Each structure stands twice: as structure tokens, then as C-alpha cells.
Amino acid sequence: MTQTGLSPEQFLIGLRAYEGILAGQTGRPSESAEIEARQLIERMFDGFGAALDRYLIEQRDLVHVISLGNMIKKDGGFATWYSGPRTAVGEWPAYRRVLESRLPAEAVEDIDLSTTRILSRAANPLVPGERRKGLVIGYVQSGKTANYAGLIAKAVDAGYRIVIVLAGMYTNLRAQTQLRLESDLNLNDAHDKHGVAWSLLTGRDSDISASNGVGFMANNSMVAVMIVKKHEARLANVTAFLKSIPEETLRNRGVLIVDDESDQATPNTQGGRDLVSTINQRVRDIWKAVPTGTYVAYTATPFANIFINPSDPDDLYPDDFAMVLPKPAEYMGADRFFNVVQDADADGDEGIHSLARDVPAAEADVLAPTGRDISKFEPIITPSLAEAIRWFVLATAVRELRVGAPSHSSMLLHTSHRVGAHQLLKDVVLEFTQGLALSGDEEEAAFQQVFEREYGRASTLDGGEEAPEWAVVWAAATGLLGRLTIKIDNGQSDDRLAYPDGSPQFVIAIGGGTLSRGLTLEGLVVSYFLRTSSTYDTLLQMGRWFGFRPRYRDLVRVWVGPGLLEDYSHLARVESELRGEVAQLERELKTPRDLAIRIRNHPGRLQITAPGKMANAAIVQAGLGGTRRQTIYLDRSAIGAERARVAVRALAERAQQIGDPLRSGADSGHLLFQGLAGGDVIDFLSRYWVASSDPWLQPEAMRDWLSRHGEEASWDLLLVSGPSRRPRTEIAPGLSVNVVNRAPLDNRYWSVDRLPEAPPQDSDIVNVRALMSGADSVLDLKIRRRAGVLADADGLLDHVDTRKMETVRAVRRMIAPDRGVLLIYVVDKDSIPEDSNSKTRTTMSADAHPIGIGVVFPHAEGEDDGEFVAVDVAFDGDADRERDAAEESLGFADTEGDYTRTEA
């Protein structure tokens, strides 16, 4: 069992629970019952399903087993056409050797396993007429190209004979992808080798042409490959190529379409107007011309893909599969820097605050142009920008000292999408950096101040690297200054970014859209960006500091505009939950056609994606059953604390009327009252203020949910008591608890203005980021078990991983499905940061104890079936798009991706 990560004890506990569930079935358990039981235990113990398979094989004395999950068909059946990759001779073995020369064994194995899973869900190219559409979710800057190159190699070995890669909207990104695939898959070798010969229809400087011979397709060993920019004319050329192939030949030539950055341009941006956008129509045309094959959408930000109309068979909704790529080892992602679980036990300073700096609003105003007249834009080198550039030089010097050789090193400077602003900014940056190079030792003091301030801030990421002496660093830095170049990367630039092998680049890249989507900035050390966005996908793509940073993880820095870190914190949670949704879909052997993927809506100004891409989203389905919610915004004003105290006292007195509390242990422990009704919870919420950021804890929303899903549920009230060293306070006559310590965020790291609705007049709102500890989600069950009123013969509560909400939901569903619980936390008015060196927390400093609440909802059977995410599009977030459209019409914006203009 160790191969699955489970201990023998965990497996036996899970096995007993699994068998107990099936034993409770009337008659012989159905296949669906077995699958459901397996899923429940899998949520508690990662790897249980695999361990159970191995156990059953041993019991049945079988030699081999094929997982039922390898292929999901639209009719709900299973097929296993793909038996696995070639191991000795073929495109995959050759590509695997390339990977092994570059990546650690674990990374190669991840690519091997994930590409096998993807191809297993794709159409069988040897069955004419079979077609599949799917979605693969990677991470920003995480090596998706390496993954789909592996998929291409395996697909060709398995019989696919036409490969179409849609490589983004930008010429340099398409060229970068072209060169990468040519090198990795040896596409320029047209010789027939082990039954396959490549025929490359695009080149480094040549996209697909309007006329292409198709005679070579008569030879079934020939593989047509094209790497195409998402441009109207180029995509039309692809369709023309497919239609030129004789119908019977094409039907027997499986087509693999890999859509890189698939959420950009491909989804219909005109959905709200019952129209079809140009690029969406062109990609539809390509897919319509494919009689046999697979469309695979690759992206790190799949929001727009998920909102494609699933009822339109001609569109590109991922009907047949959705899956998440494994996060590569050493990858620095959003969950590395932000607390995505909202757990008070893990809610110290987030990692991002050791790497990030806020740009003051006054400086942001100077560096980002406003208004239509670009001639009035007069950027200067502000103090924060000067600091960022100096650190870029120093960090690059330290990195080169560590590895003993120069390598590509980049700084991203992204303050505006407007092309005219890029040149003006380049002029001042060039003048500043030339001055640094010419000033020599006169600059040493300023550089040393930056070094002393920044080096060591992220020491937990340094991997044990020794701190260099300043004199050594300064000598290396002065040697670098003469190599520093400034480049503009946009649609009008004639000096685009390039990273040739054998010529390490030391570059500050200034740009807009091309730098925030797809294009890899090699050796990215410093990011300085101000341009915000109102959509999830654009913001995540702008987070280019995510990625692999070998031996310089601690040197990475990001300077961001006001409020952006708060937005990224929310997005880190959204991203984590989305991946969990998709992984759960896969575990349950369901397709996106069976069950829509949910996305958490932002409580304020952020939109998931552009409104035109969301026209098909349905009314929001909260999916609250078994989940927990908590109030992170507390009113510490005297009026607010009194309002909360009165509401809690009324509820506690109601609970006392029903019965005596169960205690967690000593007299100073938690108090649990049983037997409240949903109406009691609604009455409480009508008296207690909950920030508008949580609509599902508003009284009317709770009333509506309970009427549909929880009329029969019973509710408990849990008065949470803090550690014994904390002061005690009375909640109601005869009921006292210890207060809990929850230090709020400093006002520099959040803003009450971002709440959807203004709080009550005279309130004083603070943000504690996390109120509940993970273990609190099952605390009521443990108290009931201790009192002998809850059965848990298998000890599930002792093994539940409370860091994973899906695990908690599974346990609660199994042993207490009809129980909800309302938790009350009295927060110490004198709360202080747990870490005295905290950069982000401050003292509570309230006149009275604020009170927060947590809610764990009862299970809701069938709540998710057939429901899609919908969001409220009535927000003031169209300003960015209106501005972009107006400025593009005046020639200000980067129009390289303008699909309506045919390239020469």
C-alpha cells in the first residue's frame, strides 16, 4: 500500500468503511453504488482507489487490470482503445529521451502519465467518425508546451496523421512554439522512420499559406503538422487544407487539434449578442471539417472555456473530458504564496509578502497614462521603479555567482497596454540604466541600500544558498550593467524579445498584451506591473512571476499596483478550488457534459471573464451542501460588537430552552447545543450583520437554500472556546467561553471599499482573513462522538484531513448528513499578531470583543446536478474594455492580434 501513499492502517480503515457502505445496500450493490462508495473514501484518503484496485487484484489473483476511468463515452459507457505508449521505437520514446536530458525523472514521469490519461480520453484515430472535445488545465508558466508535445508524439504513434497547433494570437508566440516543437519533436526530419514521416507546413517565419498540396496525405505514414497563429486568414487556410483532402482519405486520417492558450480568442466573445466572433467561427470551421479526431484545449485559465455553450454541438465546449495536469516539482504557483484554505491555523504572513512590494498610488499615476492624448504622458523613474531596476541587476548578479555562469535574465515592465506609452517609458528607462552604467562607483551606496533591504527577505526559499559578500556582488553587478538591454515587445515593435541559445540575454522587457499571455520570459527575476484588470483570466495571466526559478526562488520580486495582491489572494483560492472541482469530476468518472464545473464568484468588482464569453452561464448554484463558510470581515466598533452580542445571546438562550449543552472536556471547553431548526438560524442571521461579500450567509439566501435542500436538517450551535490562557467572556447567563486571537490585516493589504455594498454607518470593519481553524469543521462531530450520541466505529474522524474540504464533506456526509452547525467565535478585542515579526498583521485594538461566525451546511443530495455557474454581470467592470476598444480605434493599442485584417 505504500506505493499509493496510504499507510496499511489507513487502507484498512477505508476498506472497512467501503465494505460497510456496500453492506448497507439492499440486495447486491450496483456498479454505481460501488463507484460512489469508492469516491467517498477516496476523498478522505488520497490513493484509496488505486490501493483498492491493487487489493481486489490480489484477491482475485489477476495479473492485469484496466481502470474503468481510462475512457468515458457520451453514453456513459467505457472504452479502452489506448493500451499505452510505445517504449522502444517511435515518436514518444524519442521525445522521452529529449525530456530525460532536460528534466528530473519525476517531471518526465508526470508528463508520461498525464499524456497517457489525455490520449486515453481522446478519440480513437483508427475508428472513422469518432470525435472528442476536451480541456486540459495547466499552470501559468508551468511547461504546458512540453506536455502537449508529448501528447502529439503519443498521438502520432497511435495513428493520428494531422496535427494542428493553434499557438496563440501573437506572431512571436507562434514562432516561439514553432521552434520549440521543431527542436523537441525533430519535425524537420521528413524521412520515414519507424513508419512515420513528418510533413511540416509552417516555419519559423512562415505561417500556413492559402494553398497547400495534399497529395502526400494519400500515404498513411505521412503526418501533416502546422503551428498556426489565431488569425482569421491563417485559420481559414487550415480549413481549406482539410477540405482539399479527399473525403475518404481525411476520414481515415485522425486529426489532433491542440489549442494553446485556448481561453484567448477561441471562445465566442459575442455570445451576449447572439453572434459568433470571428476567431471562434474560424476554429469552429476547422473542427467541423474534421470527421475523425480530437480537439484539446490547453490553458492555465479555463474560465472562458467552461462557459462555452454546451448545447451547441458546433461550438467547442469540452464535452468529453476535463483534467488537471500535475503541478511540477519546484513550481512556484499561487498556492505557494497565498493561503488558499482560509484556515486560521495557517494564516500567518503569506509567502507573497516576502516577494512583493506595493507601488504607491501616486507613483502608479505617474507611470500609467490616462486620457486619450498620449502626448501628455510624461513618465519618470519613480523611487519604486528605480529600486526594482537596481534589484534586478543585483539579483541577476547573485544568481550568476551561484551557478557560476550567465544565463537569460529578464525583468517585466508592464504599466500600460498602449503602444505609444511603451516607447516613452523605454526612453526614460534607457536613460536611467545608461546613467547607472556610466556612474560606476557613485552608485554603489544606492545599490547597497537596496541589497541590504531585499536580500534575505525570502530566506525560506533560498535552498540553503550562502549569502555572498557585498564586495563580490557589487563587482559582479558593475560587470552586468553594460550588458543590460531594453526591449519593447508589442505588435508594432521591430526589436522583439528573443532568447537565442548560447547568447544569454539580460533584458528589461516593456510591453502589454504580448507579455501577459503565453510568451515565456526566460529567467524572469523581477516583475513590475500596474495595469490591473477586472477579469480573473487576465489577472492570472499577468502573474508572470509564477513558474520555475531554480536557485533563484528567493531572489524573485514583484512590484504591483495598489490592491492587486488582494485580487491575487482571491484568485489563488479560486484556482485551487477549480482544480479540485475538475479532479473530482475525473474521480467520479463524469464528463463536463454530465456535470458543469463551478467557479467561485468574486464578492466585489472582479468578473470571472469577459461578459461576452459568459452569455451561456446559468443561475448560480452555490453547491453549499457539506461546505463551510466563515465571516472574515468583522465590525469592531462598539455598535457593531453590541449588535453581534445581542444576536448571539438571543440564539444561545433559544438553544438553552431546547436542552443542556454537550461539553468538549473541561468546564472551560467548547459548548455544543443540539436540536435547533433552520428557522432559528435564519432568525439569528436577520439580527447579525454579515458583509455583503458572502451572499450565502444573508438571511434570505439561507431561507431559500434551506427551503430547497435543508428542510429536514437539524442544526447545532457550537460556542467555540479559545485556549485557557485567553480571557473568558459571558455569551448568555451561565454560558462563558474563552476568546480567540485573530489579528486583522493591516489596512495596507486590503480595503473596505472593495466590499460590494457599504457596511453599516458608524461601523469599523476589519479583515481577519480566516476565522475558523480547519479542525473546527468536524469539531461538533467529535464532541457528539465523545458524548456517545454519534457512532464512528471506523474512526473516520481521527483520520480526516481537515485541510481538504472535499474530505470533510465526505466524512460529514457519511456519518452526519442531516446535521448543520453554526459556530460562534468571540474574538479578543486585544488580539495581536501570532508572529511578532509579521509584515501584514496588526492589533485588533477594539473597545469590545467582536464576534464572528462559521457555518457548516448539512449535506444536500443532488444539489449540483445539471447546474452551471452564473455571475452577476451588473457591475462597473466594463471600463477597461470600453477604454481598450476606443483606444484601439485610434491606433493606440497593440493590434497585432487584430483578426479582421488579413496578413500579407
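How many helices and how many strands does the protein chain have?

## Overview of the predicted model

The protein chain has 26 helices and 25 strands, where helices (H or I, at least four residues) and strands (E, at least two) are DSSP runs numbered from the N terminus. The structure is a predicted model, in which local features need pLDDT of at least 70 and side-chain atom pairs count only at pLDDT 80 or more, while totals for chains, interfaces and linings use all residues. Residues are numbered from 1 along each chain as its sequence is written, and side-chain values use heavy atoms, with hydrogens and water left out.

Of the 904 residues of the protein chain, 57% count as buried; buried means under 20% relative accessible area, exposed over 50%, and partly exposed in between, with a 1.4 Å probe and protein chains only. Among contacts with a separation of 6 or more in the protein chain, 79% come from residues 24 or more positions apart, a contact being heavy atoms within 4.5 Å.

## The parallel sheet

Seven strands, in the order β3-β4-β2-β5-β6-β1-β7, form an open sheet whose pairing is parallel; two strands pair if DSSP finds at least two bridges between them. At the edges are β3 (197-200) and β7, each of which pairs on one side only. On average, and with direction ignored, neighbouring strands of this sheet are turned by 20 degrees against each other; axes are lines fitted to C-alpha atoms, for helices over the stretch in contact, and angles run from 0 to 180 degrees between N-to-C directions.

Strand β1 (residues 131-137) runs parallel to β7, to which four bridges join it, and Val136 has Met323 of β7 as its bridge partner. With strand β6 (residues 293-299), β1 pairs in the parallel sense over seven bridges, and here Arg132 is partnered by Thr294 of β6. In a regular strand the side chains alternate between the two faces of the sheet. In strand β7 (residues 321-324), Phe321 and Met323 point one way and Ala322 and Val324 the other way, and all are buried. Helix α5 (residues 105-121) lies across β1, β2 (160-167), β6 and β7, and runs at about 175 degrees to β7.

## The mixed sheet

Another open sheet is formed by six strands in the order β16-β25-β24-β20-β19-β18, with mixed pairing. Its edges are taken by β16 (628-630) and β18 (662-663), and because each has a single partner strand, one side of each is left without a neighbour in the sheet.

Within this sheet, strand β20 (residues 714-720) and strand β24 (residues 819-826) run parallel and are joined by seven bridges, with Ile824 in β24 as the bridge partner of Leu719. Helix α20 (residues 638-658) lies across β19 (671-676), β20, β24 and β25 (851-856), running at about 70 degrees to β19.

## Packing of α14 against α17

Helix α14 (residues 383-403) packs with helix α17 (residues 470-481) at an angle of about 110 degrees, their axes being 8 Å apart. The angle makes α14 roughly perpendicular to α17, since angles under 35 degrees count as roughly parallel, over 145 as roughly antiparallel, 65 to 115 as roughly perpendicular and the rest as oblique. Residues making the contact include Val393, Leu394 and Glu400 of α14 and Trp470, Val472 and Leu481 of α17.

By class, the residues of this contact divide into 12 nonpolar, one polar and one charged; Ala, Val, Leu, Ile, Met, Phe, Trp, Tyr, Cys and Pro count as nonpolar, Asp, Glu, Lys and Arg as charged, and the others, Gly among them, as polar.

## Salt bridges

The structure holds 36 salt bridges, each defined as a side-chain nitrogen of Lys or Arg within 4 Å of a carboxyl oxygen of Asp or Glu. One of them pairs Arg390 with Glu443, the closest N and O atoms being 2.8 Å apart. Arg390 lies in helix α14 and Glu443 in the loop between α15 (419-439) and α16 (444-454), so the pair ties together parts that are 53 residues apart in sequence. Arg390 is buried, with a relative accessible area of 13%, and Glu443 is buried as well, at 15%.

A salt bridge also joins the side chains of Arg636 and Asp764 (2.9 Å, N to O). This pair links distant parts of the chain, 128 residues apart, with Arg636 in the loop between β17 (633-635) and α20 and Asp764 in the loop between β22 (735-738) and β23 (765-767). Asp764 counts as partly exposed, at 32% relative accessibility. In the salt bridge between Asp792 and Arg785 (2.8 Å, N to O), Asp792 counts as buried at 12% relative accessibility, whereas Arg785 counts as partly exposed at 24%. Elsewhere, salt bridges that share partners join Arg96, Glu100, Glu109, Asp112 and Lys154 into one network.
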